[in-house]
Amino acid sequence: MLTLRSALKQTRGLAAALLTGTALLAPGALAAQDGETTITAVMHSGLRVLDPVITTAHITRDHGYMIYDVLTAVDENFAPQPQMASWEMSEDGLTYTFTLRDGLRFHDGAPVTGADAVASLQRWGKRDSGGQLIFDVTTSLEAPDDKTVVWTLSEPFAPLLDVISKQSAVPPFIMPARVAATSSDETITEYVGSGPFVFNEAEYEPGVNVTYDKFDDYVPRDEPASWMAGGKVVNVDKVVWTTMPDALTALNALSAGEIDYLEQVQIDLMPIISGNPDVTVEKRDALGYVTIGRPNHLHPPFDNKLVRQAAMAALDQESMLATMQGDPEYYSVCGAIFGCATPLGDASGSEDLTGGANIEKAKALLAEAGYDGTPIVLMAPTDVISLINQPVVAAQALREAGFEVDMQSMDWQSVVQRRAQQSPVAEGGWNMFFTNWMVPEVSDPLINVMVNGRGDDAWFGWPTDPEIEELRAAFVSAENPASQKEIAVKIQQHVMDNVNYIMMGEYIIPQARRNTIQNMIPSPVPVFWNMTKAAE
């Protein structure tokens with residue numbers, strides 16, 4: 001019997017391996033033969049980028065939750081809870097004192113200290129959208145002793161706990177101080193956390209598979225697990241993420257019991273496993289995702305607002321969502337950049353976006369902008385179910401509006417690496433890509449990285465947008481939820497006019513698991529603590 005590793009070395013086509021009867025076992029799965037319990041999962045993408053601060057890629061974030069922990073974490077009610085630390089806030093709202101709980105150790109055996117937390121938060125704050133705003137009003141962040149972190153502000157920042165407790169896009173994972181000393185512009189090279197799993201570097205094959213071993217010295221909290229909060233109790237010996245770019249291959253492997261969990265099920269292939277009594281297909285969370293297009297504000301032609309407006313006028317949410325999902329049960333047209341069902345959700349100014357493509361308007365805007373036919377490089381991932389269709393649909397619509405489109409195919413991890421490059425297009429840069437976000441990670445102006453207008457310090461695409469920065473600062477200072485909502489509506493209207501990004505609607509992707517997998521936490525982020533695996 002071939003392992004997945006040897007099968008991948010012998011063929012580039014996983015589907016071909018399945019059709020010839022090759023068993024697709026990941027290397028770590030063989031440990032089960034020695035009495036160990038291993039969960040083998042096919043995630044939405046292969047893992048290549050291991051630094052969860054340097055990128056917002058979901059697979060890297062998921063990796064982060066496996067091996068790192070956070071000071072505070074949000075539960076299923078969106079409420080911040082103690083995780084690595086409890087906290088106290090001064091009456092004037094200017095000082096937060098965090099106290100690390102007992103039993104925290106890194107995977108190399110060293111205790112977690114306040115100095116580690118300070119260094120990790122400082123590095124995170126240089127990259128994260130909300131973190132940047134907190135550090136704008138930070139007077140000091142210090143560790144007076146090994147168990148204590150004191151965060152002192154120059155003015156109150158009411159959402160501080162919400163920001164540092166969020167699930168995404170860049171959670172403030174705690175690393176050893178020596179690792180966190182790495183510049184926020186460089187990638188870390190040591191992967192030591194204090195979380196419930198240990199990264200098995202010896203078995204890691206970038207983009208192919210990654211193995212996580214249970215961290216025997218991890219001390220869970222006593223509370224029940226709830227989203228990212230509570231007791232992270234590990235009930236298995238290993239978790240192996242293995243890559244199967246072909247959706248049919250992955251479904252057949254799940255049906256055959258060669259894998260235990262499939263993070264994303266392609267909607268049109270669901271009938272293949274719907275009748276399998278050994279498999280459960282389900283929605284992991286009720287909120288789902290948004291899909292968006294991000295133009296590069298640095299380089300022509302999208303450095304011109306009129307051209308960005310033309311691109312938005314050319315695109316049609318319904319067509320894109322229908323192509324992505326097929327079944328209307330799994331998508332909905334939505335023009336609210338903070339999500340249609342969230343407290344800040346508002347669709348003001350999105351009528352053109354949600355009402356169908358307006359090709360004539362797009363052509364007129366391009367003419368007004370003096371667009372000269374410069375080709376736009378549209379990056380198109382080929383290996384992620386939820387990202388394959390958007391570039392294809394967008395390219396056709398943009399061409400109909402008069403754009404010259406150079407759609408360049410590559411795997412998602414290549415997109416993740418290339419989108420971080422600010423180079424001109426002629427030197428390997430880009431003009432547009434599409435991606436997806438969980439609704440909770442776009443639900444307010446501090447968490448939603450796409451409304452960061454800080455130029456080089458903003459998210460990929462790098463808009464310089466002083467107006468939106470003023471609005472975000474006003475959101476922080478707002479005295480009540482009603483005032484926050486008013487400001488959020490202004491941000492919504494601004495994004496619709498300035499086209500910081502193009503909101504393309506909401507959708508849900510089901511997951512599938514063998515029935516032997518139980519006690520999964522219904523979290524937007526797939527996590528592997530609390531999970532159990534019974535014998536077949």
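**A walk through the predicted model**

Val499 is buried, at 0% relative accessibility. Buried stands for under 20% relative accessible area, exposed for over 50%, and partly exposed for the range in between (1.4 Å probe, protein chains only). This is a predicted model, in which local features need pLDDT of at least 70, side-chain atom pairs count only at pLDDT 80 or more, and totals for chains, interfaces and linings use all residues. Residues are numbered from 1 along each chain as its sequence is written, and side-chain values use heavy atoms, with hydrogens and water left out.

Stay with Val499. Its phi is near 55°, a positive value in a residue other than glycine. Val499 sits in the loop between H17 and strand S18 (502-507). Helices (H or I, at least four residues) and strands (E, at least two) are DSSP runs, numbered from the N terminus. Helix H17 (residues 481-498) contains Gln493. Gln493 is partly exposed, with a relative accessible area of 41%. From Gln493 to Met503 the chain runs 10 residues, and the C-alpha atoms are 12 Å apart.

Phe78 also has a positive phi, near 65°, and is a residue other than glycine. Its loop links strand S2 (72-74) and strand S3 (80-82). Phe78 is partly exposed, at 43% relative accessible area. Another backbone feature is the cis peptide bond between Pro300 and Pro301, with omega about 0°. Pro301 belongs to the loop between strand S13 (289-295) and helix H10 (305-314).

Now the salt bridges. The term covers a side-chain nitrogen of Lys or Arg within 4 Å of a carboxyl oxygen of Asp or Glu. The whole structure holds 20 salt bridges. One of them joins the side chains of Arg61 and Asp62, at 2.7 Å from N to O. Arg61 is buried at 3% relative accessibility. Asp62 is buried too, with a relative accessible area of 1%.

Which residue forms a salt bridge with Lys533? The partner is Asp260, and the closest N and O atoms are 3.2 Å apart. Asp260 lies in the loop between helix H8 (247-255) and strand S11 (261-262), while Lys533 lies in strand S21 (residues 532-533), so the pair ties together parts 273 residues apart in sequence. Asp260 is buried, with a relative accessible area of 5%. Lys533 is partly exposed, at 30% relative accessibility.

Arg472 pairs with Glu469 in a salt bridge, the closest N and O atoms being 3.0 Å apart. Both residues lie in helix H16 (residues 466-477), 3 residues apart, about one turn of the helix. An α-helix has 3.6 residues a turn, so residues three or four places apart point the same way. Arg472 is buried at 0% relative accessibility. Glu469 is buried as well, with a relative accessible area of 14%. Salt bridges with shared partners join Asp136, Arg454, Glu469 and Arg472 into one network.

Turn to helix H13 (residues 359-369). Its buried residues are Ile359, Ala362, Leu365, Leu366 and Ala369. They lie on the same side of H13 because they cover an arc of only 125° around the axis. That arc is taken over the directions from the helix axis to the C-beta atoms. Glu360, Ala367 and Glu368 are exposed on the other side of H13.

End at the surface. Glu36, Asp216, Asp217 and Asp237 gather there in a patch of negative charge. Patches take residues with over 30% relative accessible area and no salt bridge, joining like charges within 9 Å and nonpolar side chains (Val, Leu, Ile, Met, Phe, Trp, Tyr) within 5 Å. Asp217 is in the loop between strand S9 (209-214) and strand S10 (238-242).

Key: Areas by Shrake-Rupley, 256 points an atom, 1.4 Å probe, with all protein chains shown as cover. Lys, Arg positive; Asp, Glu negative; His and termini not counted. Charge placed at Lys NZ, Arg CZ, Asp CG, Glu CD.
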